[in-house]
Amino acid sequence: MNAPFSTVLIANRGEIALRVARACRELGIRTVAVYSSADRDSAVVRFADRSVHIGPAPARGSYLNMPAIVEAAQQTGAQAIHPGYGFLSEDPDFAEICEAHGLVFIGPPAQVMQQLGDKAAARTLMAEAGLPVLPGSTGALNSPAEAEALAQQVGFPVILKAVAGGGGRGMAVVRAAGDLRLAYHQTRAHARAVFGDERLYLERFVEDARHIEVQVLCDRHGAVVHLGERDCSVQRRHQKLVEESPAPNLPPELREAICAAAVRGAAAVGFVGAGTFEFVLTPTGEFYLMEINCRLQVEHPVTELVTGVDIVREQITVAAGRPLSIRQADVLPRGVALECRVNAEAPERDFAPAPGLLTEFVPPGGPFVRVDTHAFTGWRIGPDYDSLLAKVAVWAPDREQAIARMRRALGEFRVDGPGVSTTLGFLGETLDHPLFQAGRHTTGLVARMREPAPVAQLSD
């Protein structure tokens with residue numbers, strides 16, 4: 001099969017840049033890595049066929065610098081740009097700019113991202129398509145007074161979210177009416193600073209919910225398939241820590257209904273490429289759409305392990321106009337996969353970043369263990385970007401064996417360096433928690449783990 005493109009530029013960094021570069025190489029595509037001054041010695045720069053320096057360490061001058069990235073693509077003869085996740089991956093303006101310069105953006109069409117990137121408008125759009133959405137805003141909020149009135153209708157607790165938000169940022173849970181006005185102003189200021197868009201919307205907040213998401217793939221010929229669901233309920237401040245597929249203890253009819261809703265939503269907007277529909281599952285079994293991500297997810301390896309589908313490969317070939325290589329009947333999930341995100345953070349200091357020089361970095365191995373990482377011994381973890389060091393994913397025939405395999409893999413991982421701390425120990429504690437072991441955990445698990453142990457009652 002001929003390569004879908006001759007050269008692809010990867011507009012990202014870290015483990016996802018390396019993941020995309022590897023998929024390209026297997027497809028016979030030459031790769032161009034772009035890098036900031038802080039990433040001059042990164043793994044993808046060594047791996048790619050060419051590399052181009054695009055700016056200083058701050059992302060606004062490099063990985064968010066659209067003119068520099070487009071110029072690098074043109075100078076190196078790239079036909080397409082893969083944005084990875086984060087940075088420009090869900091920016092419809094960047095997709096339009098790529099198109100205007102004769103470059104293929106490997107992702108959904110700009111107009112689809114425009115529709116779904118506005119989270120408040122997407123809620124309305126998906127409700128019209130028949131998907132269940134949580135009670136809340138029908139559009140962006142205009143004032144704190146409107147938020148207070150709506151919250152009284154919906155009932156506390158509620159959650160304020162940035163219209164342009166994503167990645168777990170730009171959210172605030174409000175449990176009492178007296179706290180809403182301050183939360184509104186703080187969340188709006190955060191949204192303005194991070195996303196350049198201060199608009200907010202409001203939803204009912206479901207306590208002790210589960211976070212279930214469905215991976216979809218769509219081509220330009222109208223085909224839409226889902227690759228099953230993932231459970232991403234282990235979170236800290238809306239940041240996912242452990243993901244798995246399939247979701248444990250999910251009744252088959254409920255699984256089918258959630259996946260069908262995602263397919264219906266993707267078809268309704270003419271989605272193309274890889275996307276994820278995120279749902280909240282209540283303790284009583286109702287599910288509601290939270291948001292739609294128009295990009296590759298960090299946790300895509302668990303889906304790849306249980307389905308055998310290379311999601312990045314499909315993204316690239318679909319962007320070239322080819323049909324999906326699979327039909328829904330071909331998707332036959334098998335076994336259980338788990339993924340743990342290993343961050344350079346200090347859990348004992350409220351997960352503060354703990355960067356530094358890696359004097360030892362030895363990832364685990366063994367049967368059915370996959371490690372996506374860009375780190376290596378001698379590499380310095382800088383303070384400029386997120387603290388993700390590696391994703392450890394495992395596969396096993398059942399959940400019990402998958403947990404045992406993950407515990408073994410995390411135990412093998414060796415990371416050391418002056419001042420460097422990781423979340424390896426905390427992830428092990430999570431796997432050992434009785435609620436996780438039973439597959440009965442919710443988004444409240446991590447908060448529960450961080451609660452002080454009850455003081456023992458002394459007997460006379």
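These legends describe close-up views of a predicted model.

**View 1. Phe279 and Phe287 form an edge-to-face aromatic pair.** Eight aromatic pairs turn up in a search of the whole structure.

**View 2. Phe376 and Trp379 form a tilted aromatic pair.** The distance is 6.4 Å centre to centre. The angle between the planes is 40 degrees. Phe376 and Trp379 are both buried.

**View 3. Three aromatic residues form one cluster.** The members are Tyr63, Phe87 and Tyr385.

**View 4. Arg22 lies over the face of Phe47.** Arg22 is placed at 5.9 Å from the ring centre of Phe47.

**View 5. Arg399 lies over the face of Phe436.** Here the distance from the ring centre of Phe436 is 4.7 Å.

**View 6. Helix H5 packs against helix H6.** H5 covers residues 110-117, and H6 covers residues 119-128. Their axes are 6 Å apart and cross at an angle of about 95 degrees. Angles of 65 to 115 degrees count as roughly perpendicular, so H5 and H6 are roughly perpendicular to each other. H5 brings Gln115, Leu116 and Gly117 to the contact. H6 brings Lys119, Ala121, Ala122, Leu125 and Met126. By class, the contact of H5 with H6 has five nonpolar residues, two polar and one charged.

Key:
Residues are numbered from 1 along each chain as its sequence is written. This is a predicted model: local features need pLDDT of at least 70, side-chain atom pairs count only at pLDDT 80 or more; totals for chains, interfaces and linings use all residues. Side-chain values use heavy atoms; hydrogens and water are left out. Rings of Phe, Tyr and Trp (its six-membered ring) pair if their centres lie within 6.5 Å; planes under 30 degrees apart count as stacked, over 60 as edge-to-face and the rest as tilted. Buried means under 20% relative accessible area, exposed over 50%, partly exposed in between (1.4 Å probe, protein chains only). A charge sits over a ring if NZ of Lys or CZ of Arg is within 6 Å of the ring centre and within 35 degrees of the ring normal. Axes are lines fitted to C-alpha atoms, for helices over the stretch in contact, and angles run from 0 to 180 degrees between N-to-C directions. Helices (H or I, at least four residues) and strands (E, at least two) are DSSP runs, numbered from the N terminus. Angles under 35 degrees count as roughly parallel, over 145 as roughly antiparallel, 65 to 115 as roughly perpendicular and the rest as oblique. Contact means heavy atoms within 4.5 Å. Ala, Val, Leu, Ile, Met, Phe, Trp, Tyr, Cys and Pro count as nonpolar, Asp, Glu, Lys and Arg as charged, and the others, Gly among them, as polar.
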